[in-house]
Amino acid sequence: MATDQELPRTRWAAEAANSGYLSRFSERIDAGVDVDGEARLADVLVEREARILDAGAGMGRVAIALQRRGHDVLAAEPDENLVAESRRRWPELPVVVKDILQLDPTTEGSFDLIVVVGNVMILLAEDTEVRALTVLRRLLRPGGRILVGYHLSGGPIGSRAGYTWDLFSADARAAGLTAEHHFGGYNLEPVNDDYCVAVLTAG
Ligand SMILES: C[S@@+](CC[C@H](N)C(=O)[O-])C[C@H]1O[C@@H](n2cnc3c(N)ncnc32)[C@H](O)[C@@H]1O
């Protein structure tokens, strides 16, 4: 597990935190716009009352939607501003202030499902994709799965460009994960060049 001193700077912290994510989602949520697409897909991947980790949870919008569907949810998010917003809006949602690289089954426990959505995979620190996926695999319960979603093109400012399906799935395999499903969006759109949704399992 990485200590604070050893943590490489994420693309999010370096640049993308200014991409307007928080204001954009805050406005949508305050206007009553549906932002639960990721959570709806996550919900069908598990039994009722599952234990779910939202890794890189941001303001907590996906995690709270899953908690409201009856799951036992833990949000992990290293950005203190986003954690503060999550706690202000949804104090009932448990949040740990941690980078993915700091997560550990002995402290966080293990999970039926881990969601890594909203471009987290292209906002990690450079060259940490396999490390991050390996940490997440170790947090899975037997039969557990990881739901990943990110932009293949047109991602946020400062995000990794060109993280193709082939590169991502090779990283997943290097981390001991196999892709069970690959879609083009959270409504199970066909595979396309814009967005990647994947369901991974250990093995
Ligand atoms: C665009 S936000 C999306 C947040 C949330 N998943 C959502 O969909 O609302 C990207 C998030 O990735 C997180 N992130 C990037 N690298 C990370 C890492 N190594 N560990 C944990 N979170 C990370 C950032 O802190 C930020 O909250």
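This is a predicted model: local features need pLDDT of at least 70, side-chain atom pairs count only at pLDDT 80 or more; totals for chains, interfaces and linings use all residues.
**Close-up 1. The ring pair of Tyr-150 and Phe-168.** Searching the whole structure turns up seven aromatic pairs. One of them joins Tyr-150 and Phe-168: the ring centres are 5.7 Å apart and the planes stand at 65 degrees, so this pair is edge-to-face, the cut-off being over 60 degrees. Follow the chain and you will find Tyr-150 in strand S5 (residues 140–151) and Phe-168 in helix H8 (residues 165–174), so the pair links distant parts of the chain, 18 residues apart. Tyr-150 counts as buried, because its relative accessibility is 0%. Phe-168 is buried as well, again at 0% relative accessibility.

**Close-up 2. The aromatic cluster around this pair.** Step back from the two rings and Tyr-163 and Trp-165 come into the picture: ring pairs link them with Tyr-150 and Phe-168 into a cluster.

**Close-up 3. Asn-119 and its contacts.** Here we turn to a loop residue: Asn-119 is found between strand S4 (111–116) and helix H7 (129–138). Its relative accessible area is 8%, and because buried means under 20%, Asn-119 falls in that class. Which residues is Asn-119 in contact with, leaving aside its neighbours within four places in sequence? They are Gly-149, Tyr-150, His-151 and Pro-156.

Technical notes:
Residues are numbered from 1 along each chain as its sequence is written. Side-chain values use heavy atoms; hydrogens and water are left out. Rings of Phe, Tyr and Trp (its six-membered ring) pair if their centres lie within 6.5 Å; planes under 30 degrees apart count as stacked, over 60 as edge-to-face and the rest as tilted. Helices (H or I, at least four residues) and strands (E, at least two) are DSSP runs, numbered from the N terminus. Buried means under 20% relative accessible area, exposed over 50%, partly exposed in between (1.4 Å probe, protein chains only). Contact means heavy atoms within 4.5 Å.
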